[in-house]
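The paragraphs below lead through one model, moving from the chain as a whole to particular ring pairs and loop residues. Please keep the sequence and the structure in view while reading.

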Amino acid sequence: MADRVVIEEHVVSDVGAGPYALTAGPDGALWFTLVHAARIGRFTPGAGVVEFPLDPGSAPTIVAAGPDDALWFTEYGAHRIGRVTTRGEVTEFPLEHGSGPFGLALGADGALWFTESAAERVGRITVDGEVTGFPLPAARAFPSAIAAGPDDALWFTLNQGNAIGRITLDGAVTTYPLPTGAAAPVGITAGPDGALWFVEIAAGQVGRITPDGVVTEFPLADRAARPHAITAFGDRCWFTEWGGNRIGSITVDGVVTAHDLPSPASEPHGIAPGPDGALWVALETGALARVSP
């Protein structure tokens, strides 16, 4: 599956709009954030792009499908959590000013869980907009991406704290330091093997952590690749190499394969399975890339 792939790029915005993250929607379309243009986009191959505007400077970052047939997203610049229906109706829920929400994931309890990168908290929001915050024990740790684990807990990266965090549904937090110093973990996902997999953007490594906290790190051939986001797809995990202009995959045994993107310096960020059975990547220079065997 990883040895030979076909990569097709679909232009969805101008160069400055910044496609950042994406997810499959309940309507069979791809939904993505335009972090610099302050818009949410909807893309269907063959049918084009529809955009839904937000406030200037709101910086929508991560988007995830909710349990309510809507899409939810973080607004890093506006300190809000947003919700958009498949018809394009937007609702926004304010957080504490300066909280900087970034990561977002659906929890096993049917709520959306998110990181507040500037406030050192993990937050929880119900589909009715009720928000609860859980302080983290470390200062200036910059909680980043978050993912639901196989143990019904949420797992998240502490980008500046150089650790992986775990929070239970009732708010109990545990952190696990990384073996490599200043690794700056960002993306994290539940893998196909019952562990969590993450990428270390400053160390050029992919990491694996078991539910009981055992960490293994796998160096990339290009230590300057700056891996950014990661997702499970098929029998392995796939990740973006922002600095290497590549898409990589890693098996559960740690075997890494890399694939060059067609356009130079395309700045790959978010990566997620699409509704069509392929893998999709957000390229910050204005396109979505479809990756298929």
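Of the 293 residues of the protein, 58% count as buried, where buried means under 20% relative accessible area, exposed over 50% and partly exposed in between, with a 1.4 Å probe and protein chains only. This is a predicted model, in which local features need pLDDT of at least 70 and side-chain atom pairs count only at pLDDT 80 or more, while totals for chains, interfaces and linings use all residues. Residues are numbered from 1 along each chain as its sequence is written, and side-chain values use heavy atoms, with hydrogens and water left out.

The secondary structure comprises 0 helices and 28 strands; helices (H or I, at least four residues) and strands (E, at least two) are DSSP runs, numbered from the N terminus. The radius of gyration of the protein is 17 Å, close to the 19 Å that the globule rule gives for 293 residues, so the protein is as compact as a globular protein of that length. That radius is taken over C-alpha atoms, and the globule rule is 2.2 Å times the number of residues to the power 0.38. Along the principal axes, the C-alpha trace spans about 45 × 45 × 30 Å. Among contacts between residues at least 6 apart in sequence, 40% join residues at least 24 apart, a contact meaning heavy atoms within 4.5 Å.

The accessible surface comes to about 11,000 Å², of which 51% belongs to carbon and sulfur atoms; such areas come from the Shrake-Rupley method with a 1.4 Å probe, and for residues only the protein chains shown count as cover. As for charge, the mean positions of the 16 positive and 33 negative charges are 2 Å apart.

How many aromatic pairs does a search of the whole structure find? The search finds 7, where rings of Phe, Tyr and Trp (its six-membered ring) pair if their centres lie within 6.5 Å, and planes under 30 degrees apart count as stacked, over 60 as edge-to-face and the rest as tilted. One of these pairs joins Tyr-20 and Phe-102 in an edge-to-face arrangement, 6.3 Å centre to centre with 80° between the planes. Tyr-20 lies in strand S2 (residues 19-24) and Phe-102 in strand S10 (residues 101-106), so the pair ties together parts that are 82 residues apart in sequence. Both Tyr-20 and Phe-102 are buried.

The rings of Trp-113 and Phe-134 have centres 5.6 Å apart and planes at 10°, so this pair is stacked. It too links distant parts of the chain, with Trp-113 in strand S11 (residues 112-116) and Phe-134 in strand S13 (residues 131-135), 21 residues apart. Trp-113 is buried, with a relative accessible area of 0%, and Phe-134 is buried at 15%.

Some loop residues also deserve attention. Glu-120, in the loop between S11 and strand S12 (121-125), has a phi near 55°, a positive value in a residue other than glycine, and at 16% relative accessibility Glu-120 counts as buried. Asp-152, in the loop between strand S14 (143-148) and strand S15 (154-158), likewise has a positive phi, of about 70°, although it is not a glycine; at 46% relative accessibility Asp-152 counts as partly exposed. Ala-47 is placed in the loop between strand S4 (39-44) and strand S5 (48-53) and, at 62% relative accessibility, counts as exposed.

Key
Lys and Arg count as positive and Asp and Glu as negative; His and the chain ends are not counted. The place of a charge is taken as NZ of Lys, CZ of Arg, CG of Asp or CD of Glu.
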